[in-house]
Amino acid sequence: MEWTRRDIVLGGLASLGTVTIQKPTLAAASSYFSGTAVDNGVTYRSTNFAKIDKKWRRQVVKYFSSEPIGTVVVDTRHHFLYLIMENKTAIRYGVGVGREGFKWYGRATIDRKSLWPRWTPPPEMRERHPELPESVEGGSPKNPLGPRAMYLLRDGVDTGYRLHGTLEPGSIGRDASSGCIRMFNEDAIDLYQRCPIGTAVQVLPHIADQAESAAEVSQATAVE
């Protein structure tokens with residue numbers, strides 16, 4: 001799959017469902033990528049981690065928590081996702097979280113996972129942005145979910161939120177999405193491999209203390 005200037009521009013339009021309207025210039029956005037990689041037969045742009053602040057890069061850290069090993073904990077205030085490991089450690093990933101008006105918190109489980117998922121913007125999102133397509137196929141360079149999506153459910157009900165990749169590595173570490181937790185594509189692939197169906201997820205309420213619980217948030221913010 002080849003990347004063109006048109007793909008990048010259209011990708012920016014598609015990602016309106018999960019990003020803020022302010023965008024870096026094309027040249028600046030492109031600097032966050034370096035070369036390509038192949039995953040399950042799909043060629044995608046590799047993140048240029050030399051451009052990324054070290055604190056947002058995946059790393060093992062000391063982490064003290066009463067949550068069981070294997071739990072995913074998202075610290076929305078500081079833009080980190082932790083996968084709790086043995087011996088009071090965790091794998092820490094930099095993430096982008098919900099911007100104002102799209103924040104949420106609570107507990108859920110990863111009850112569905114998708115490799116190169118299809119993206120279908122909900123009707124309400126397309127009303128706000130009529131330029132968006134009805135759907136974008138998985139593996140397309142215009143798909144804002146990237147190579148992986150992990151779907152968060154509560155008591156069997158889809159919360160409308162996901163852990164997924166991104167078209168915009170520069171948005172990691174920011175309040176940028178429509179509520180979903182976005183990751184570097186390489187990190188989304190890594191977390192996907194480590195989290196089986198049923199993995200518990202806790203999203204801490206730091207920046208969402210006035211939000212409704214995830215189960216009560218309108219499905220209008222869903223990204224499929």
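Guide: Below we talk through the annotated active site and then some backbone angles.

Visitor: What should I keep in mind about how this was made?
Guide: It's a predicted model, where local features need pLDDT of at least 70, side-chain atom pairs count only at pLDDT 80 or more, and totals for chains, interfaces and linings use all residues. Residues are numbered from 1 along each chain as its sequence is written, and side-chain values use heavy atoms, with hydrogens and water left out.

Visitor: Which residues does UniProt list for "active site"?
Guide: The unreviewed UniProt entry lists His164 and Cys180. They're spread over 17 residues of sequence but cluster in space, with a largest C-alpha distance of 7.6 Å. UniProt positions use the numbering here, feature names are shortened, and annotations may be inferred rather than shown by experiment.

Visitor: Where is His164?
Guide: In strand S9, residues 157-164. Strands (E, at least two residues) are DSSP runs, numbered from the N terminus.

Visitor: And Cys180?
Guide: Cys180 is in the loop between strand S10 (175-177) and strand S11 (181-183).

Visitor: Why does His164 count as buried?
Guide: Because its relative accessibility is 0%; buried means under 20% relative accessible area and exposed over 50%, using a 1.4 Å probe and protein chains only. Cys180 counts as buried too, at 1%.

Visitor: New topic: what's the phi of Asn87?
Guide: Near 60°, a positive value in a residue other than glycine. Asn87 is in the loop between strand S5 (80-84) and strand S6 (89-98), and counts as exposed at 66% relative accessibility.

Visitor: What about phi at Asp155?
Guide: Positive, about 55°, although Asp155 is not a glycine. Asp155 is in the loop between strand S8 (148-154) and S9, and is exposed, with a relative accessible area of 77%.

Note on methods: Helix = DSSP H or I, 4+ residues; strand = E, 2+ residues; numbered from the N terminus.
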